[in-house]
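I opened this model to look up its aromatic pairs, its nonpolar core and its charged contacts. My notes are below.

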Amino acid sequence: MNTRTTRTLAVALSLTAALAISGCSSSGSSGSSGSSDTAGESAKPKMTVSGAFMPEPVNDKMAGAFMVIKNDSKTADKLTAVTSPLSDDLQIHETKDQKMQQVQAMDVPANGELKLERGGSHVMFMGLKSTPKVGDKVTVELRFEKADPVKVELDVKERTYNAQNSNAH
């Protein structure tokens, strides 16, 4: 094998591993289907976030982020953007029919939650400025259509880590 073939193979394997690890292609369902537009527009929704983490990235090409965004208000909202010093290109992705696709926004239902989890909806970091390691923290800012922005610290976990949302019951 020549150097070019070896590099191409290495990049292909890294991208494949990163996609598998980030949960982009595993099966599962997202609990965020459906939108509930409530007439109570006067109260600005307040969002809280729990279980935020990022599996340790394989390389500096991409990484996934997962969390639960809870809306305790009577006003439905939408997650419209995510920013971070780690990357200039953060994307909101959903998984439908086991295929990942970028979307412009995701519903956060009134008195409900948006689950960003492996195999379902998630945040993708493209083109990382550095590669965080297990134990590091990555700061992101979630932006919404109505609610104020929320700063979140993602705990960088082992690549195989998967949060158990047992506190949902």
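**Ground rules.** I worked on a predicted model, where local features need pLDDT of at least 70, side-chain atom pairs count only at pLDDT 80 or more, and totals for chains, interfaces and linings use all residues. Residues are numbered from 1 along each chain as its sequence is written, and side-chain values use heavy atoms, with hydrogens and water left out.

**Aromatic pairs.** I searched the whole structure and got 2 aromatic pairs. For the rings of Phe, Tyr and Trp (its six-membered ring), I required centres within 6.5 Å; planes under 30 degrees apart are stacked, over 60 edge-to-face, and the rest tilted. Phe53 and Phe66 make a tilted pair, with 5.3 Å centre to centre and 35 degrees between the planes. I placed Phe53 in strand β1 (residues 47-55) and Phe66 in strand β2 (residues 62-71), 13 residues apart. Strands here are DSSP runs of E, at least two residues long, numbered from the N terminus. I noted both Phe53 and Phe66 as buried; buried means under 20% relative accessible area, exposed over 50%, and partly exposed in between, with a 1.4 Å probe and protein chains only.

Phe53 also pairs with Tyr161: the ring centres are 4.8 Å apart and the planes at 85 degrees, so I filed the pair as edge-to-face. Tyr161 sits in the segment after β10 (150-157) and Phe53 in strand β1, so this pair ties together parts 108 residues apart in sequence. Phe53 has a relative accessible area of 3% and is buried, whereas Tyr161, at 29%, is partly exposed.

Next I checked for charges over rings (NZ of Lys or CZ of Arg within 6 Å of the ring centre and within 35 degrees of the ring normal). Lys157 lies over the face of Tyr161, 5.0 Å from the ring centre.

**Core.** I took a nonpolar core as a set of buried Ala, Val, Leu, Ile, Met, Phe, Trp, Tyr and Cys residues joined through side-chain atoms within 4.5 Å. The largest has 29 residues, and those touching the most other members are Ile69, Leu79, Phe125, Leu142, Phe144 and Leu154. I listed the contacts of Ile69 (heavy atoms within 4.5 Å). Not counting residues up to four places away in sequence, Ile69 touches partners including Met47, Val49, Leu79, Val108, Leu142 and Phe144.

**Glu141.** I found Glu141 in strand β9 (residues 137-144). Glu141 is buried, with a relative accessible area of 16%. Leaving aside neighbours within four places in sequence, I see Glu141 in contact with Ala81, Val82, Thr83, Pro149, Val150 and Lys151.

**Salt bridges.** I counted 8 salt bridges, each a side-chain nitrogen of Lys or Arg within 4 Å of a carboxyl oxygen of Asp or Glu. Asp60 and Lys61 form one at 3.7 Å, N to O. Asp60 is partly exposed at 36%, and Lys61 is partly exposed at 40%.

Asp107 and Lys78 form another at 2.6 Å, N to O. I placed Asp107 in strand β6 (residues 106-108) and Lys78 in strand β3 (residues 77-83), 29 residues apart. Lys78 is partly exposed, at 27% relative accessibility.

Lys129 and Asp88 form a salt bridge at 3.0 Å, N to O. Lys129 is in the loop between β8 (122-126) and β9, and Asp88 in the loop between β3 and β4 (89-96), so the pair ties together parts 41 residues apart in sequence. I noted both Lys129 and Asp88 as exposed.

How values were computed. Helix = DSSP H or I, 4+ residues; strand = E, 2+ residues; numbered from the N terminus.
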